[in-house]
Amino acid sequence: MPNKRTEQPWERQKGESAQAFEAFFLYLEMGGSRSLRAVSQELGKSKTLIDRWSRTYKWVERCRAWDNHLQYEAKKAAITEVRNMTKRHVTMAQQIQNAAMLALKELGSDMVNPKNFAAIVKLATELERQNLEAEVAAVSEDITSTQDDGPSTLADAINEAWRRRSEENEP
């Protein structure tokens, strides 16, 4: 089976000498402070030669491709992290619901404070629903975005519920 690997722009190009690629790689690694003059000085090569290599082997375009690749990989990693966080939050919400139901079952309705029980179940189901809706939106659009319309973590949801409950109980 033939290898159909696509050559990447930041890799050594066809016809590019080892010295020219070394110079390009140095330029690439400079990041935002890239400078042909700095490459020339670092390698002890003439600025004219470095300029020619840069034009011939399209260093600026290759670096742009590299920077875009790094940005894409960072975005992919961030999306994965958000999805993992969402799954954890859904699991925690389900565990809270299960614990509440278990307490009700084991202690009986006479021993469980109905107001606290209702608040816990409501909070856990809202948290689960919010996170599942966020996950569905992220999967269907294959993007993530933070929403300002509600708590984004279990801690935020608990703090928000506590704040609302405190306000309701104020005289």
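Predicted model: local features only at pLDDT ≥ 70, side-chain atom pairs only at ≥ 80, totals over all residues.
## Overall make-up

The protein contains 6 helices and 0 strands, and its pattern, read along the sequence, is α-α-α-α-α-α. Of its 171 residues, 23% count as buried. When contacts between residues at least 6 apart in sequence are considered, 62% of them join residues at least 24 apart.

## Helix 2 against helix 3

Helix 2, which covers residues 36-43, packs with helix 3, which covers residues 47-56, at an angle of about 125 degrees, and the axes of the two helices are 9 Å apart. That angle makes helix 2 oblique to helix 3, and the crossing in which helix 2 passes helix 3 is right-handed.

On the side of helix 2 the contact is made by L36, R37, V39 and S40, while helix 3 contributes K47, I50, D51 and S54. Sorted by class, this contact of helix 2 with helix 3 has 3 nonpolar, 2 polar and 3 charged residues.

Side chains of opposite charge can pair when their charged atoms come close. In this model the count comes to 5 salt bridges, and among them are two that involve residues of helix 4, described here in turn.

R62 forms a salt bridge with E16, and the closest N and O atoms of this pair are 3.0 Å apart.

D67 is partly exposed, and its relative accessible area is 33%.

Another salt bridge joins the side chains of K47 and D51, with a distance of 2.8 Å from N to O. K47 and D51 are 4 residues apart in helix 3, so about one helical turn separates them. K47 and D51 are also among the residues of helix 3 that take part in the contact with helix 2. K47 is partly exposed, as its relative accessible area is 28%.

## Two single residues

S54 lies in helix 3 and is one of the residues through which helix 3 makes its contact with helix 2. With a relative accessible area of 10%, S54 falls under the 20% cut-off and is therefore buried. Once its neighbours within four places in sequence are left aside, S54 is in contact with L36 and W59; L36 is itself listed among the residues of helix 2 that make the contact with helix 3.

T125 lies in helix 5, which covers residues 114-141. Its relative accessibility of 25% means that T125 counts as partly exposed. T125 and Q94 are 31 residues apart in sequence, and in space their C-alpha atoms are 7.7 Å apart.

Technical notes
Residues numbered from 1 in each chain as written. Heavy atoms only, no water. Axes fitted to C-alpha atoms, helices over the stretch in contact; angles between N-to-C directions. Parallel < 35°, antiparallel > 145°, perpendicular 65-115°, else oblique. Left-handed = near helix turned anticlockwise from the far one by under 90°. Contact = heavy atoms within 4.5 Å. Nonpolar A, V, L, I, M, F, W, Y, C, P; charged D, E, K, R; others polar. Salt bridge = Lys/Arg side-chain N within 4 Å of Asp/Glu carboxyl O. Buried < 20%, exposed > 50% of the residue type's maximum accessible area, 1.4 Å probe, protein only.
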